[in-house]
Amino acid sequence: MQKQAFLRKTVAAAAVAASLLGGLASVPTLSFAQDASAAAKAAADATAKAAKPNVVVLATGGTIAGAGASSVNSATYAAAKVPVDKLLAGLPELSNYANVKGEQVFQIASESFTNDNLVTLAKRVSQLVKQPDVDGIVVTHGTDTLAETAYFLSLTVHTDKPIVVIGSMRPGTALSADGALNLVDAVSVAGSQDAKGKGVFVTMNDEIQTARDVNKDVNIKTGAFQSQWGPLGMVVEGKNYWFRAPVKRHTNQSEFNIDSIDKLPQVDIVYAYGNVQPTAVNALVDSGAKAIIHAGTGNGSVADRMVKPLQDARGKGVLIVRASRVPYGFVLRNAEQPDDKYDWVVAHDMRPEKARILTMLALTKGAASTKDLQRMFWEY
């Protein structure tokens, strides 16, 4: 009996030892498997990252970086408060569409944008699009002058890479804030191959608008940005649907290049209204304006008491451009006023603020003739 008990204990001890040895032997095998799995995952992640486009988000402030006192403050808030890194960190969905990096260029409300801001921003965009590791640019911007900045970029940055300018009508703290989806859509468009060569876009409220045509038409609704010629397409769940293409000159086709522009000349706007007086025209000429955009009524109409002051301004070398304060339509040359006789220019379908942008750029090429400036309004 003692012998049998001894044998049983011996067998049991051997079994335990074998089990322990087997367990120890399995540890390196498990570790190697884990290492291999981690390496495979890292390689897969690297491959996936390399397959995604690289998009840089340049932040300038505005409502999209704004904050209200409560979630119901959709129109009352402080703009330009949230830095770009925080803005991007709150949207992990962006990584589904691109490898995204952020850069804070300014932190201002867009009504305070200056000519110097335009030049600084455009030069930075131009630098970035020359980099082979950058596939597209998104600019976050306040909505008040967003359309002007987008048009300026479309005229001055030479690239076929997509540039998208976006903002929001509600701060991120508000219920139904629109900025997050606008930013996701913008990154999706900026990183897409089918957007290449189409110029600069504004993607808000799911629409893809060309920078030339789009304007802020409403100051309180999320569908604020509209074009009388319609959007180029739509963005739905990260996919672009195109319906038309821009036909006016832009980006690579433009004769203007931000790389050779350091300063913009003074161009101002005079607004027409009933009982308008020439006070503004005279003051702007005296202050050194190189051109005056006359935002006339109707078909760019000019009140009788304003004709002589504008003629006198032209006689002093100031360019006169007839635009209209009416949102839609376009100004016809030699209708309402004898433009040929007065040596004036018409802005075509350009609103006064965008006519100012094009006229400033025309003047950077020297003392532009009215004939050459008129050509630009037809072509751009």
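Start with two helices: the axes of α4 (residues 146-156) and α9 (residues 352-363) come within 9 Å and cross at roughly 30°. Axes here are lines fitted to C-alpha atoms, for helices over the stretch in contact, with angles from 0 to 180 degrees between N-to-C directions. That crossing makes α4 roughly parallel to α9 (angles under 35 degrees count as such). On the α4 side, A147, E148, Y151, F152, L155 and T156 meet E353, K354, R356, I357, L358 and L361 of α9, contact meaning heavy atoms within 4.5 Å. By type, the residues of this contact are seven nonpolar, one polar and four charged, where Ala, Val, Leu, Ile, Met, Phe, Trp, Tyr, Cys and Pro are nonpolar, Asp, Glu, Lys and Arg charged, and the others, Gly among them, polar.

All this comes from a predicted model, where local features need pLDDT of at least 70 and side-chain atom pairs 80 or more, while totals for chains, interfaces and linings use all residues. Residues are numbered from 1 along each chain as its sequence is written, and side-chain values use heavy atoms, leaving out hydrogens and water.

Now the sheet. Four strands form an open one in the order β11-β12-β13-β14, paired in parallel; helices (H or I, at least four residues) and strands (E, at least two) are DSSP runs numbered from the N terminus. β11 (267-271) and β14 (345-346) are at the edges with a single partner strand each, so one side of each has no neighbour in the sheet. Two bridges join β13 (residues 319-324) to β14, and pairing takes at least two by DSSP. R322 has V346 in β14 as its bridge partner.

Methods
Angles under 35 degrees count as roughly parallel, over 145 as roughly antiparallel, 65 to 115 as roughly perpendicular and the rest as oblique.
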